[in-house]
Amino acid sequence: MTSTLTFDTAAVTRALTNAATAASHAPSIHNAQPWRWHAHDDHLDLSLDESPALAVVGLDRRLAILSCGAALHHALVSLAADGMHATVTRLPRQARSGHLATIRVDARIPVEPAASRHLQTIAWRQTDRHALSGTPVDADTLRSMAAAAESQQTLLHVLRPRQVLDLASASDHTRGDESDDQAELREWTGGTRTLGTGNADTVIPRGASPTTVPGRPFGRPGDMAIADSRDRTAVFAVLYGPGDGNLDWLRAGEALSAVWLKATELGISVLPFSSTTEVTATRETIRHLLSGLGHPYLFLRFAVLGPDTAGPPNTPRRPTGQTTEHR
Ligand SMILES: Cc1cc2nc3c(=O)[nH]c(=O)nc-3n(C[C@H](O)[C@H](O)[C@H](O)COP(=O)(O)O)c2cc1C
């Protein structure tokens with residue numbers, strides 16, 4: 001039951017600061033963390049970071065908004081774990097200014113065990129491009145992840161074998177397009193990265209892994225050992241929905257976070273495949289291949305983690321001072 005009694009403003013401000021910090025752990029395209037938080041006494045504003053530093057390296061706007069949605073969901077998980085009920089207004093000004101959401105704390109609530117668990121999961125969720133165990137993902141687990149997506153008004157469809165082949169062929173096609181764009185990719189990958197964005201060598205495979213669907217080329221080999229067997233037991237799925245507007249992509253990001261936290265808690269690794277939905281022509285091809293299911297937002301590979309899979313090192317983040325401003 002919620003309490004609307006006046007509550008400690010300092011506690012609310014603290015919880016909002018915690019929420020912006022938790023959000024910094026969200027997954028994002030190229031680890032760009034394209035979000036800005038403005039923290040006020042009783043609310044947080046989330047905007048797309050449209051600073052030249054990010055714009056110059058050609059971030060796809062849809063995938064940047066999707067990444068902000070994941071950060072939004074992380075922030076809400078943190079508030080729930082701090083016992084705060086929040087109301088979210090999405091696209092308060094039709095996102096004309098890049099303003100994507102306002103989170104307003106309006107009541108205290110009891111802390112549910114699931115909320116505390118999700119907050120812990122945020123700290124150890126990661127993108128795992130490692131080898132996979134040979135254990136298949138069971139149907140109940142997939143149903144739980146579909147329910148997590150639906151809780152965020154986005155749908156999750158598990159691809160049929162024929163659709164996996166279609167995805168593989170579309171991804172292969174996209175790789176050709178991307179080879180013209182290696183310079184842009186290199187902005188986001190490899191080397192020792194000090195700014196807290198992009199992917200370091202330690203999380204980039206040494207070469208092309210024998211995966212069913214070709215992964216995103218990183219423009220350079222990394223240090224991570226590649227799988228020596230094909231990902232035959234992996235499951236491919238797509239987050240999709242009826243619309244292609246900013247709100248749909250924001251909600252898709254919230255769904256990505258909900259699905260990924262649930263997957264992590266169930267011992268399932270998640271790897272996004274975004275190059276296919278980044279290119280308009282391929283996105284349209286894929287939309288037709290999905291036989292009118294809706295607009296595809298992001299493809300995901302699910303696989304059971306092996307018992308002794310040590311995850312890769314955590315990918316660093318921008319200092320929160322760069323992404324959060326206190327008003
Ligand atoms: C919208 C989106 C698209 C992504 N696309 C890819 C991809 O195509 N290939 C890949 O290896 N990782 C992809 N990622 C994973 C990011 O690279 C990863 O989240 C980021 O580097 C931070 O690392 P972490 O998830 O381990 O914290 C994507 C993530 C998001 C949110």
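Guide: Helices (H or I, at least four residues) and strands (E, at least two) are DSSP runs, numbered from the N terminus. R251 is found in one of these runs, helix α8, which spans residues 246-265. A word on the source: this is a predicted model, where local features need pLDDT of at least 70 and side-chain atom pairs count only at pLDDT 80 or more, while totals for chains, interfaces and linings use all residues. Residues are numbered from 1 along each chain as its sequence is written, and side-chain values use heavy atoms, with hydrogens and water left out.

Visitor: Why is R251 called buried?

Guide: Buried means under 20% relative accessible area, with exposed over 50% and partly exposed in between (1.4 Å probe, protein chains only). R251 has 14% relative accessibility, so R251 counts as buried. Across the chain, 53% of the 327 residues are buried.

Visitor: What makes the pair R251 and Q152 a polar contact?

Guide: A polar contact is a pair of N or O atoms within 3.5 Å; within protein, one must be able to donate a hydrogen and the other to accept it, and residues adjacent in sequence count only if both atoms are side-chain atoms. The side chains of R251 and Q152 make such a contact at 3.1 Å. Contact in general just means heavy atoms within 4.5 Å. Leaving aside neighbours within four places in sequence, R251 is in contact with R90, Q152, Q153 and T154.

Visitor: How do you know which residues surround the ligand?

Guide: A residue is near a molecule or strand if one of its heavy atoms lies within 4 Å of it. For the ligand, 20 residues surround it, and the closest are T127, R129, N199, S274 and R317.

Visitor: Which polar side-chain atom lies 2.6 Å from an oxygen atom of the ligand?

Guide: One belongs to R317. R129 also has a side-chain N or O atom 2.6 Å from a ligand oxygen. From the backbone, an N or O atom of P272 lies 3.3 Å from a ligand nitrogen. Taken alone, the ligand exposes 620 Å², and the protein buries 96% of that; such accessible areas come from the Shrake-Rupley method with a 1.4 Å probe, and for residues only the protein chains shown count as cover.

Visitor: Which elements give two or more residues to the shell around the ligand?

Guide: They are α3 (61-81) and β7 (268-273). The largest share, three residues, comes from β7.
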